[in-house]
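Please look over the sequence and the structure below before reading on.

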Amino acid sequence: MRIGVFGGTFDPLHNGHLMIALEVRHRLALDRLLLVVANDPWQKAETDVTLASVRFALVSDAVAEINARIGETALEASDLEIRRGGLTYSADTLAQLRDADPAAELFLLVGSDAAAGLPSWKRTDEIRRLATTVVVDRGGREGGRPPADWEHMVVEVPAMEVSSTDIRQRVREGAPVEALIPPTVSSGIGRLGLYRPTP
Ligand code: ATP
């Protein structure tokens, strides 16, 4: 079993995330691709992050919709880190997945913007032992890389210029987001009144 682990804050999930997940799953012939929603991302702890259960619900709905469209379980939403609680460390998540399925081969997906920062992650030895690092490059542009001695693969995905920061700002300003996020995320943001300035 080859399992891809794509962790993120997903505040909110956008089409760039889905593109990466589907493309890497395809290119590396993964059996499972988990979108692991961070409970309390320590790298973002100083900013206001939407409630984890809300971010997870939006990821779950989007994954269900895309799987229905594709006609198979292409992606899975994982609340592993939320159920564990506390600050989110990838080493804990990988160890938990390995314990659940000791024969599985794990692949940790990391955006190239985050790759150079890998040495600052907690318990890097464990991360490197438990999973193959997959650096995701945005089409035609060579991004950041882990340090030279950090074994990794690189997968290039088509560039999609969208970020969660960008989506939150667009919602705040009333700019259109419908072509940048899945329909279920868009309706969830509207229903829950996310990212709007509090009156
Ligand atoms: P924010 O803007 O709030 O920092 P984000 O859009 O980067 O959020 P995260 O949930 O923090 O979303 O990202 C999860 C992973 O997805 C990270 O490794 C990030 O590098 C990667 N990523 C996000 N957007 C893109 C994109 N458009 N193309 C390629 N990688 C992306």
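Does Glu-76 count as buried, partly exposed or exposed? At 22% relative accessibility, Glu-76 is partly exposed; buried means under 20% relative accessible area, exposed over 50%, and partly exposed in between, with a 1.4 Å probe and protein chains only. This is a predicted model, in which local features need pLDDT of at least 70 and side-chain atom pairs count only at pLDDT 80 or more, while totals for chains, interfaces and linings use all residues. Residues are numbered from 1 along each chain as its sequence is written, and side-chain values use heavy atoms, with hydrogens and water left out.

**Nonpolar cores**

- The largest nonpolar core has 35 residues; such a core is a set of buried Ala, Val, Leu, Ile, Met, Phe, Trp, Tyr and Cys residues joined through side-chain atoms within 4.5 Å.
- Phe-6, Val-24, Leu-35, Leu-75 and Ile-189 touch the most other members of this core.
- At least two core residues come from each of α1 (15-27), β2 (32-37), α2 (52-70), β4 (105-111), β5 (131-138), β6 (152-157), α7 (164-173) and α8 (183-192); helices (H or I, at least four residues) and strands (E, at least two) are DSSP runs numbered from the N terminus.
- The element that gives the most to this core is α2, with 6 residues.
- A second, separate core holds 19 residues, including Ala-95, Ala-104, Leu-130 and Trp-150.
- Ile-189 is in contact (heavy atoms within 4.5 Å) with Pro-12, Ile-167, Val-171, Ile-181, Leu-194 and Tyr-195, leaving aside neighbours within four places in sequence.

**Helix α4**

- In helix α4 (residues 90-100), the buried residues are Ala-91, Thr-93, Leu-94, Ala-95 and Leu-97.
- The cover over these buried residues includes β1 (2-8), β2, α3 (80-84), β4, α6 (124-130) and β5.

**Salt bridges**

- The model has 12 salt bridges, each defined as a side-chain nitrogen of Lys or Arg within 4 Å of a carboxyl oxygen of Asp or Glu.
- Glu-76 forms a salt bridge with Arg-32, and their closest N and O atoms are 2.8 Å apart.
- Because Glu-76 lies in strand β3 (residues 76-78) and Arg-32 in strand β2, this pair ties together parts that are 44 residues apart in sequence.
- Arg-32 is itself partly exposed, with a relative accessible area of 28%.
- Asp-92 and Arg-123 meet through their side chains in a salt bridge at 2.6 Å, N to O.
- That pair links distant parts of the chain, with Asp-92 in helix α4 and Arg-123 in the loop between α5 (112-115) and α6, 31 residues apart.
- Asp-92 is partly exposed at 23% relative accessible area, and Arg-123 is also partly exposed, at 37%.
- A network of salt bridges links Asp-92, Arg-123 and Glu-126.
- Arg-145 and Asp-137 form a salt bridge through their side chains, again given as 2.6 Å from N to O.
- Within this pair, Arg-145 is partly exposed at 24% relative accessible area, whereas Asp-137 is buried at 5%.

**Ser-78**

- Ser-78 is a residue of strand β3 and counts as buried at 11% relative accessibility.
- The side chain of Ser-78 reaches the backbone nitrogen of Leu-80 at 3.2 Å.
- Not counting residues up to four places away in sequence, Ser-78 touches Leu-34, Leu-35, Val-36, Val-37 and Phe-56.

Note on methods
A polar contact is a pair of N or O atoms within 3.5 Å; within protein, one must be able to donate a hydrogen and the other to accept it, and residues adjacent in sequence count only if both atoms are side-chain atoms.
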